[in-house]
Amino acid sequence: HAQLSESGGGSVQAGGSLRLTCTAPAHPSETYCWGWFRQAPGKELEGVASIDNTGRMKYANHLRGRFFISRDSLKNALNLLMKSLEPDDAGIYYCVKEDWYYGRRDCFTSLAENGYWGQGTQVTVSS
């Protein structure tokens, strides 16, 4: 699979913002699903946000309104803008992508089962 490269993680105080970016080589297929998962210490892996080639977006319900996913088609990049960060948002954030996505399952489920993953980027939020 193509390699995903994440950037933008770091440390921020509660209430602050961070923007994560994931870059990938040119899409090998017209259909894809692309998104972010995160894992905090002692917690299960969690889908954060996703977007497919049609532009359909999905968010974890409790993150809606604070987290915003977007694509930069010219750069083949996926962004995640995180606002009003809380200590519970801390963890490792992974970029995940699935090519040849045909929508048979929702994007989060499909990514978890079929996606390829970046190395992850650490987000730390201090109170």
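This is a predicted model: local features need pLDDT of at least 70, side-chain atom pairs count only at pLDDT 80 or more; totals for chains, interfaces and linings use all residues.
Local features were taken at pLDDT of at least 70 and side-chain atom pairs at pLDDT 80 or more, while totals for chains, interfaces and linings use all residues. Residues are numbered from 1 along each chain as its sequence is written, and side-chain values use heavy atoms, without hydrogens and water.

Strands are DSSP runs of E with at least two residues, helices are runs of H or I with at least four, and both are numbered from the N terminus. Two strands pair if DSSP finds at least two bridges between them.

β8 (residues 77-82) is joined to β7 by 6 bridges. Ile69 is partnered with Leu80, and Ser70 with Asn79. The β7-β8 hairpin has 4 residues between the strands, and Asn76 takes a positive phi near 50° there. A further 6 bridges join β3 to β8, where Thr23 stands opposite Ala77.

In β8, 6 of 6 residues are buried, that is, under 20% relative accessible area with a 1.4 Å probe and protein chains only (exposed is over 50%, partly exposed in between). Ala77, Asn79 and Leu81 point one way; Leu78, Leu80 and Met82 point the other.

A nonpolar core is a set of buried Ala, Val, Leu, Ile, Met, Phe, Trp, Tyr and Cys residues joined through side-chain atoms within 4.5 Å. The largest has 26 residues, of which Trp34, Trp36, Leu80, Met82 and Tyr93 touch the most other members. Strands including β3, β4, β8 and β9 each supply at least two residues of this core. A second, separate core of 8 residues includes Phe37, Tyr101, Cys107 and Phe108.

With cysteine sulfur atoms within 2.5 Å counted as a disulfide, the total is 2. Cys22 and Cys95 form one, with sulfur atoms 2.0 Å apart. Its S-S torsion is about -75°, so the Cys22-Cys95 link is left-handed. Cys22 lies in β3 and Cys95 in β9, so parts 73 residues apart in sequence are tied together. Cys33 is joined to Cys107 (S to S 1.4 Å). This Cys33-Cys107 link is right-handed, with 105° about the S-S bond. Cys33 and Cys107 are buried. The disulfide pattern is 1-3, 2-4, with bonded cysteines counted along the chain.
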